[in-house]
Amino acid sequence: MAEYKRSTLIADSPSGYCPGCLHSLATRLVSDVIEELGQGDNSLNVISVGCSALNILYWGGDFLSVAHGRAPAAATGVKRTNPERLVFAYQGDGDLAAIGLAEIMSAANRGENFTVIFANNQTYGMTGGQMAPTTLIGQKTTTTVYGRDPATTGYPMKMCELISTLEAPAYVARFALNSPKGVRDARAGIKKAFQLQMQGKGFTFVELLTNCPTNWHMTPLQTLDYMNTNTIPYFKPGVYKDTEVDKA
Amino acid sequence: MIQINERLCKDCKYCVKFCPKQILETGTKRNARGHFYPVVTDPEKCISCGICATMCPEGAIELPAKGADA
């Protein structure tokens, strides 16, 4: 790294996220990439409900705060009426994979030309750590106190795999933010997704594996190890769809 | 050499864990929010790799351009 300066797109104050929360790292990465692309004044952040809504006080650029799970629907409207804008939805796993499942799948299937940043921390962080669709098998939450049992609650939902089966999306990728390499890859992935959007290539989806020290009841450093041994083996990082490469 | 903005630090210790030269450690002073922020124990050994800045969730660590901090 030659040089690093904190982006002016995020407030000059600590974020509202808990100490060690990789959500704030995800937000910072997005702001860094937008600034690098020179799109600071042209970007629009569609903020959903959940911990991602803490961005309302933290995000310095234009944003839209929308109903639970409906960020892709709102982003569709904004992008269609302002095609020159860099539009992205910033959603968590409870928002995107549970209540907003219809919106995300429909927007992806239509190949809408915006980006979705999906922060997956395998729990409902904001409401107190309930089970999310992405909660791992055996993971304890306040609604699965003996650990998630697939017999009654099903299996963790793999959104990248689901969306990559659709015809329309241009870029679908997953990255883990628990190591410097993962963060660098994620930054490159977010940049690629935004560039594809600016070229009008269609729907781009970037999943970022994050943690929740508060609701996993761990220290921030313990969550990084937990992600290595539990999260990453199930939610495998990688590029799931890239129409540019597939064509070549 | 890195610059730490202690005002933004939340004491997650990611920078301390990932520093390849092991020259960051949690200090003994707290910031206004009550978090112990990191200090550089041996500035001479810093190779300006920026891994601490990469991992800091809050962007509290900045890496000035070469020569700017001389």
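Two residues are taken to be in contact if their C-beta atoms, placed from the backbone, lie within 7 Å. By this criterion, 19 residues of chain A are in contact with 23 residues of chain B. The model is a predicted one, in which local features need pLDDT of at least 70 and side-chain atom pairs count only at pLDDT 80 or more, while totals for chains, interfaces and linings use all residues. Residues are numbered from 1 along each chain as its sequence is written, and chains are lettered from A in the order in which they are written.

On the side of chain A that touches chain B, the elements giving two or more residues are α1 (22-36), α8 (180-198) and α10 (220-234) of chain A; helices (H or I, at least four residues) and strands (E, at least two) are DSSP runs, numbered from the N terminus. The most comes from α1(A), with four residues. This side of chain A comprises eleven nonpolar, three polar and five charged residues, where Ala, Val, Leu, Ile, Met, Phe, Trp, Tyr, Cys and Pro count as nonpolar, Asp, Glu, Lys and Arg as charged, and the others, Gly among them, as polar.

Chain A also holds an open sheet of seven strands, in the order β2-β1-β3-β4-β6-β5-β7 and with mixed pairing; strands pair if DSSP finds at least two bridges between them. Its edges are β2 (62-65) and β7 (238-242) of chain A, each pairing on one side only. Within the sheet, β4 (residues 115-120) and β6 (residues 204-209) of chain A run parallel and are joined by six bridges, one of which links A:T115 to A:T204. Helix α8(A) lies across β3 (86-92), β4, β5 (171-176) and β6 of chain A, at about 160° to β5(A). Here axes are lines fitted to C-alpha atoms, for helices over the stretch in contact, and angles run from 0 to 180 degrees between N-to-C directions.

Helix α5 (residues 101-110) of chain A has as its buried residues A:E103, A:I104, A:A107 and A:A108. These cover an arc of only 120° around the axis, which puts them on the same side of α5(A); the arc is that of the directions from the helix axis to the C-beta atoms. A residue is buried if 20 or more other C-beta atoms lie within 10 Å of its own, exposed if 12 or fewer, and partly exposed in between. The cover over the buried residues of α5(A) includes α3 (71-81), α4 (93-99) and α7 (159-164) of chain A. After α5(A) comes A:G111, with a positive phi near 65°.
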